[in-house]
Amino acid sequence: MNLPSEITLRLKNVEDIFLASPASLYCKRTLNENAEEFIVEQAMALPRHAEISLKLVIPSYEIIMENEVATAIHKHFGFCREKSERKLKHTIQLGWRSFIIGFIFLTVMFLLTKVINRFLPQGGLAITLRELLIILGWVALWRPADLLLYDWYPHKRDANLFGRLERSKVQLILNDVI
């Protein structure tokens, strides 16, 4: 069992964490960019598998509904997790689609080199054309390899982080001095 890691936000008002516009994102309460950025940066600094405990320190005179605030935070990071998972899925699908296209292109280039070897006399022009086609074929696989080897990971990392924030324990702490 992992020990929870704490992220603490000191607020003048519980509303400071939410967007000012109540009509934002289909009338769902969402976090403002500064609050989200702070929470995400703090969460990224924590151990990868640590449970996250989010503590909001607010003035004691605030009238709050802790469940409503926790639900809004969890929904916000749930939306962020789903968005990252969609990006991950899209990146992998694009990578495989691009790989198939690139592999077909490489095959065509390879077959063209065979045609060049057969019909052009061996010399500078034939060697140059043959090498050019092979290089073009391999370059066509560059982006698919990049997508499948590297580009998917940031989306997976973000989805995991947002999932941890979605499951985080949210606590409101009343404080007389802010």
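Trainee: Which residues form a nonpolar patch on the surface?

Mentor: In this predicted model, the patch consists of Ile 92, Trp 96, Phe 99, Ile 100, Phe 103, Ile 104, Val 108 and Leu 112, which together have about 720 Å² of accessible area.

Trainee: Why is Ile 100 called partly exposed?

Mentor: Its relative accessible area is 49%. Buried would require a value under 20% and exposed a value over 50%, with partly exposed in between; Ile 100 is therefore partly exposed. The residue lies in helix H2, which covers residues 66-119.

Trainee: What makes H1 and H4 roughly perpendicular?

Mentor: The axes of helix H1 (residues 33-44) and helix H4 (residues 142-166) cross at roughly 105° and come within 11 Å. Angles of 65 to 115 degrees count as roughly perpendicular, so that is the term for H1 and H4. On the H1 side the contact is made by Glu 36, Ile 39, Val 40, Ala 43 and Met 44. On the H4 side, Arg 157, Leu 161, Phe 162, Arg 164 and Leu 165 take part.

Trainee: How do you know whether Leu 172 is buried or exposed?

Mentor: The relative accessibility of Leu 172 is 12%. The limit for buried is under 20%, so Leu 172 counts as buried. Leu 172 is found in strand E3, residues 169-175.

Trainee: Which residues does Leu 172 touch, not counting those up to four places away in sequence?

Mentor: They are Val 14, Leu 56, Ile 64, Glu 66 and Val 69.

Trainee: What makes the pair Glu 6 and Lys 55 a salt bridge?

Mentor: The N to O distance between their side chains is 3.0 Å. The criterion is a side-chain nitrogen of Lys or Arg within 4 Å of a carboxyl oxygen of Asp or Glu, so the pair Glu 6 and Lys 55 is a salt bridge. The pair links distant parts of the chain, with Glu 6 in strand E1 and Lys 55 in strand E2 (residues 52-59), 49 residues apart. Lys 55 counts as buried, because its relative accessibility is 16% and the limit is under 20%.

Trainee: How many salt bridges does a search of the whole structure find?

Mentor: The search finds eight salt bridges.

Trainee: What makes Arg 81 and Glu 82 a salt bridge?

Mentor: Their N to O distance is 3.9 Å, and the limit is within 4 Å, so the pair meets the criterion. Arg 81 counts as buried at 18% relative accessibility, whereas Glu 82 is partly exposed at 38%.

Trainee: Which parts does the pair Glu 166 and Arg 81 tie together?

Mentor: The closest N and O atoms of the Glu 166 and Arg 81 salt bridge are 2.6 Å apart. Glu 166 lies in helix H4 and Arg 81 in helix H2, so the pair ties together parts that are 85 residues apart in sequence. Glu 166 counts as partly exposed at 24% relative accessibility. Salt bridges that share partners join Arg 81, Glu 82, Glu 85 and Glu 166 into one network.

Notes. Residues numbered from 1 in each chain as written. Predicted model: local features only at pLDDT ≥ 70, side-chain atom pairs only at ≥ 80, totals over all residues. Heavy atoms only, no water. Patch = residues over 30% accessible without salt bridge, like charges linked within 9 Å, V, L, I, M, F, W, Y side chains within 5 Å. Areas by Shrake-Rupley, 256 points an atom, 1.4 Å probe, with all protein chains shown as cover. Helix = DSSP H or I, 4+ residues; strand = E, 2+ residues; numbered from the N terminus. Buried < 20%, exposed > 50% of the residue type's maximum accessible area, 1.4 Å probe, protein only. Axes fitted to C-alpha atoms, helices over the stretch in contact; angles between N-to-C directions. Parallel < 35°, antiparallel > 145°, perpendicular 65-115°, else oblique. Contact = heavy atoms within 4.5 Å.
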